[in-house]
Amino acid sequence: MSLENHLNTLIYESAHTANSFVFPQEIPKNPNPLKLCKWYANEINTVTEQLDILEQNHNTLCTCSKGCVSCCHQLIVITYLEHQIIEFSLNNLPLKERTQIRETTLKQCKFLTEHGYSQNTFSSPYMPFEEQQKLQEEFFSFKLPCPLLKQDHTCSIYTVRPTLCWSYRNYGSPTECEQTWNIPTTLKYSDWESRITKRLYQIKKPSRKYTLKILQFALLEMLSKKQF
């Protein structure tokens, strides 16, 4: 069976599993920020374990590995609750690390603004697919490392990383990831993403004023607050 057929089977089985999966954690009521972050981290771990099992069952293993950071140069957008979770996590990082993130974020936001980007560039999940593709291609060409990426190629908030990060896996050569963001051997596990998002929204519905935000501009907003 070709890799393409393996991936088609894998994504089909993943969707079926995601739709019927019973999560072990209960959805908390009015959690404080710390409890919400711990709950979300456990949700990510649960999904990661399920994806690992699916890969093993179909003998199709992900080629992503620690230190492989090409995907950390892609355009990442976050939701309202992800914003809250990331903000709390940032606030609990060492001062030196927060300072470095702030400096990188300021530089990147300035660069992006000069190239016509703003916090409203990717504000709607209903942006036409072709427009999303164009934005992703252009953003990847900038070669901007995620501000949350540390010098040792690890993520500052890995346990609560954005959905677009944990739901994305590559099954081809890692070197392809360095050349382009649009790789045919990658899978986006949208069904698991949808399940987690729905569970998050049972905790707290998003503010009508909040739209999807490009990570760099969301970080700038978080880091501009007094506690930082």
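Q: Which residues line the largest cavity?
A: This is a predicted model, in which local features need pLDDT of at least 70, side-chain atom pairs count only at pLDDT 80 or more, and totals for chains, interfaces and linings use all residues. Residues are numbered from 1 along each chain as its sequence is written, and side-chain values use heavy atoms, with hydrogens and water left out. The largest cavity is lined by Cys-72, Gln-74, Ile-76, Phe-139, Cys-146, Leu-215 and Gln-216. A cavity here is a set of points on a 1 Å grid over the protein atoms alone where a 1.4 Å probe fits but cannot get out, and lining residues have an atom within 4 Å of a point.

Q: And how much space lies in the largest cavity?
A: About 30 Å³, the volume being the space filled by probe spheres set on the points.

Q: Changing topic, how many salt bridges are there?
A: The count is 6, taking a side-chain nitrogen of Lys or Arg within 4 Å of a carboxyl oxygen of Asp or Glu. One of them joins Arg-169 and Glu-55, at 2.9 Å from N to O. Arg-169 is in strand S2 (residues 168–170) and Glu-55 in helix H2 (residues 33–57), so this pair ties together parts 114 residues apart in sequence. Helices (H or I, at least four residues) and strands (E, at least two) are DSSP runs, numbered from the N terminus.

Q: Is Arg-169 buried or exposed?
A: Arg-169 is buried, at 9% relative accessible area, and Glu-55 is buried too, at 4%. Buried means under 20%, exposed over 50%, and partly exposed in between (1.4 Å probe, protein chains only).

Q: What about Lys-110 and Glu-114?
A: Their side chains form a salt bridge of 2.6 Å, N to O. Both lie in helix H4 (residues 95–114), 4 residues apart. Lys-110 is exposed at 54%, and Glu-114 is exposed at 55%.

Key. On a 1 Å grid over the protein atoms alone, a cavity is a set of points where a 1.4 Å probe fits but cannot get out, and a pocket is an open set with protein on both sides within 12 Å along at least five of seven lines; lining residues have an atom within 4 Å of a point.
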